[in-house]
Amino acid sequence: MTTDQAESFGSRSTLEVDGKHYVIFRLDALQRAGYDIDRLPYSLKILLENLLRHEDGVTVTRADIAALAGWDPEHPPDREIAFTPARTLLQDFTGVPAIVDLAAMRDAMAELGGDPTRINPLTPVELVIDHSIQVDVFGTPEAYERNVDLDYQRNAERYAFLRWGQGAFDNFRVVPPNGGIVHQINLEYLARVVFATDETPDAGQDGVPLAYPDTCVGTDSHTPMVNGLGVLAWGVGGIEAEAAMLGQPISMLIPEVIGVRLEGSLPEGTTATDLVLTITERLRQKGVVGKFVEFYGPGLATLALADRATIGNMSPEYGATCAIFPPDELTLQYLRFTGRSEARIALVETYMKTQGLFHHTDSPDPVYSDTLSLDLGTIEPSVAGPRRPQDRIPLSGIKEAFQAALPSLLPTAHAPAHSQKGAANAVSGAGAGKVGVWGEATNGCDDDQPVTEAAGGDIGHGSVVIAAITSCTNTSNPSVMLAAGLLAKKAVERGLARKPWVKTSLAPGSKVVTEYYHKAGLTPYLEQLGFYLAGYGCTTCIGNSGPLPPVIGEAIETRGLVACSVLSGNRNFEGRINSDVRANFLMSPPLVVAFALAGRVDWDPIHEPIDTGTDGAPVFLRDIWPTQGEITETLMAAVESDMFRKTYADIFTGDERWLTMATPTGSRFDWAPDSTYVRQPTYFEGMAKEVPKTTTDIQGARALAWLGDSVTTDHISPAGSIKLDSPAGQYLTAHGVQPGAFNSYGSRRGNHEVMVRGTFANGRIRNRLAPGTEGGVTTYFPDNTVLPIYDAAMRYKADGTPLMILAGKEYGSGSSRDWAAKGPALQGVRFVIAESYERIHRSNLVGMGILPLQYLPGEDAGTWGLTGHETFDVIGVKDAIDARFAHGREVSVRTMAPDSTAQVHRALIRIDTPQEVLYYLNGGILPFVLRQLLSGKQKPEAGAPAMPAVTMTRPVETRPQEAVTEASIESFPASDPPAY
């Protein structure tokens, strides 16, 4: 997409591909202007083209382009730039609120006298429903159909809403349930590598189409998987995603780029999983949080595209924003292999080579902020666990590692098992107080589970009770998937079987996987070992492992066992996989099969046999491990390009359940008044049609919460299970929802009534306004009543009292969660005062119309002498905004204590860009865009002239005390992207 061009560098040009002409913005124009572009990392060249194409003198200036073109790896500029991605990628949990907001914008447009059909995404948006399928039924031929039936029963409201959106909005496409995992579909089908304007509403100039690099932001942290194709993409929070959907740029610091030089090739017997676990360990040690990682060197040529994608996928596990590989001949081969058109491949090749973005074996090495080297020949078989993906263990050492970790894994007496997400706490009876992973208590399929009563007595510490081939990380890689099938075949031929206490599942990220399993003749062997197809989607890795058979769960609980899971996924935090499982190990798909056969992790796979074969001889792992030659031969014979073309030909159509679902029609959504999943949000209530010319100061605000340092968005945002006695639980009960059907906050993100009640409700939050308490409570002033934060906020709203938050350092760190800003806005929070902010959360606050204020250096609530009982006036906001900070960013904060003692302090307004000024004036991004479109403009326009710059600070990798992390129940869905 382009805006009116300032064209400072004369970069607009044309490109011919097979007789067709395209407008492009040439990077070598900067070379002619004296900048050494050839030395830049590939990822920065992509950003540079983005700035050239969107230069308008306001959002993107000549100075922005010059700062990036002159990037110094030793001293990267602390400068924000405006990045405009080509498209947005959503998964269903994080995507539903975005589409809810668009639907609400249509209603507001109609109420203000405009045409509601003008509300559409302004860039392509693709949503893949993949985070809801759960492994309720396993080990039986009926597993897939029954799991899908249960999926539709649980999620009918959400799915009907998304199906309505699929037909109602332009530039919005939905992959229905059980099409695959979002990242694998992105890699195999959605990614363009190079866009042309037949993909967008923008027709270029004078009817000549525009060509530019495919870039993407996604509402899932593993979006960088497509970096393996050379597509610059990373995860963002919901508000940033909505901004991108609506044509708004995303502000970002010019990044540091870490180069990883690869040499050699993987040795026999190792897999891409072993490689990525090693890279995760190395980069965690290096420290790459918030940085770009880029791979280069002679080893690139030896890594298959799927191996590269595996590395990109786990970017969040080592903390990088992205982990990218420049396109080369292997990229072109993969595009052809996965059924892309020859026209697309020709465009990719010609464009990338013309722009100097194509990697050759003799390409000079770019310069980087820092580098490290990795000899692929040193990679050894590995696993990671028992708690974190960066804790790599050589396969030969898993037995000792588990035994060493066992004391720390033992359950505390009478302590409930922790889980990542879940149904409500049980109200009474057996298991009261236990938090379960979503759906664990709603199975209803226990009678036919392939587990005998005796199995419960056979298990002990270290027993593998879940073995799952799952997750986008590995299921997109045919070599490791075929290795699992070949190992299963050899195991069956030797007479081995799955241990009866192991819950086995196969959840591929694409239907192509089952196609090539069938063609290779490997499906019967996997099924004989219990690996029946359970569904196509992100299952075990996000906690959708479903319940364990009762006999197993009861044995674990009554005997206090440390049970284990093995999975081919990317996340293994304690409690994330299943509430009964305390130790989780990441490993390659063939190793998952091997450990299902062994039935335990306290096993030495190198020196101890798996079991005894039918011939009475011991069978070792080495006896059934497939050779690289066998894997390659099977891959060449079984995987065909036609499989990809056939699978993706109707990927947006869906099955009979989807097609026959009762679905609202029309351009505006018919909100169901009794729905507890999808509700019309209130962001536009009372909104005037006219664009505000100015703002007002804030008078008489009360503190809703006084929080300490390093408060994360997981403390603020609703996440995890919904407790019965919480405001959200009371709301659901009042609407006739039984506690066992509460589900998680994540599943109800489309209902603002649930989410606003869960804001600041985290059980580990400590509010200094309610001393001696822990959890989401506060003191309501002036009568000093301790209430849940939501209840207090509603009382203040009824009183007409604006609210504010007192905070310390790094306010809003952690994952980038949209409801950490949406929730406070709906509670009536008008401003926050903090010592410092996480950068994206600060931006999200502005995007929801909340004013971020910052103490002056050396000051805090203590130096101001605050008790939190004061009323607060913010004076000078109007004048500062009207002048666009020409006279500075400081405003006065006047506090009035209960004894009428008044003080006045100075604070800094942290509205950092001209575009953010417009967002704040309009009350947030959504009202800004709505008014722009209401006024007849085709797309939102950039705002006021440039303002005085704000000095930025670079992200620092920290681990705050008592942080709520993705290891805990308070943090679902933990596939939300880090905020860095």
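**Figure 1. The largest cavity of the predicted model.** The largest cavity has a volume of about 60 Å³, where a cavity is a set of points, on a 1 Å grid over the protein atoms alone, at which a 1.4 Å probe fits but cannot get out, and where the volume is the space filled by probe spheres set on the points, which are joined across faces, edges and corners. This cavity is lined by 12 residues, of which H222, C472, C538, I542 and N570 are the closest to its centre; lining residues have an atom within 4 Å of a point. By this rule the count comes to 6 cavities of 30 Å³ or more. The structure is a predicted model, in which local features need pLDDT of at least 70 and side-chain atom pairs count only at pLDDT 80 or more, while totals for chains, interfaces and linings use all residues. Residues are numbered from 1 along each chain as its sequence is written, and side-chain values use heavy atoms, with hydrogens and water left out.

**Figure 2. The largest nonpolar core and the surroundings of Y811.** The largest nonpolar core has 304 residues, and F585 and Y811 are those with the most contacts inside it; such a core is a set of buried Ala, Val, Leu, Ile, Met, Phe, Trp, Tyr and Cys residues joined through side-chain atoms within 4.5 Å. Helix α4 (residues 92-111) gives the most to this core, with 10 residues; helices are DSSP runs of H or I with at least four residues, strands are runs of E with at least two, and both are numbered from the N terminus. Not counting residues up to four places away in sequence, Y811 touches several residues, among them L707, F760, V832, E838 and L845, a contact being heavy atoms within 4.5 Å.

**Figure 3. E838 in the loop between β28 and α30.** E838 lies in the loop that runs between β28 (829-834) and α30 (839-847). Because its relative accessibility is 7%, E838 counts as buried; buried means under 20% relative accessible area, exposed over 50%, and partly exposed in between, with a 1.4 Å probe and protein chains only. From C-alpha to C-alpha, E838 and K809 are 8.8 Å apart in space, although 29 residues apart in sequence.

**Figure 4. R582 in strand β21.** Strand β21 (residues 581-586) contains R582, which counts as buried because its relative accessibility is 16%. With residues up to four places away in sequence not counted, R582 touches P386, L409, P411, L561, V562, A563 and E574.

**Figure 5. Strand β10 and its parallel partner.** Strand β10 (residues 232-235) is covered on both faces, with L232 and W234 buried on one side and A233 and G235 buried on the other. Strand β9 (residues 215-218) pairs with β10 in the parallel sense over 4 bridges, pairing being assigned if DSSP finds at least two bridges between two strands. Within this pair, V217 has W234 of β10 as its bridge partner.

Figure 6. Strands β25 (residues 777-780) and β26 (residues 785-788) pair in the antiparallel sense over 4 bridges, with T778 opposite L787 in β26. The two strands form a hairpin with 4 residues between them, and N784 in the turn has a positive phi of about 60 degrees. M794 belongs to helix α28 (residues 789-799) and, at 25% relative accessibility, counts as partly exposed. Neighbours within four places in sequence left aside, M794 is in contact with L826 and Q827, while M794 and G828 are 34 residues apart in sequence and 8.3 Å apart in space, C-alpha to C-alpha.

How values were computed: 1 Å grid on protein atoms, 1.4 Å probe; cavity = no way out; pocket = protein on both sides within 12 Å on 5 of 7 lines; lining within 4 Å.
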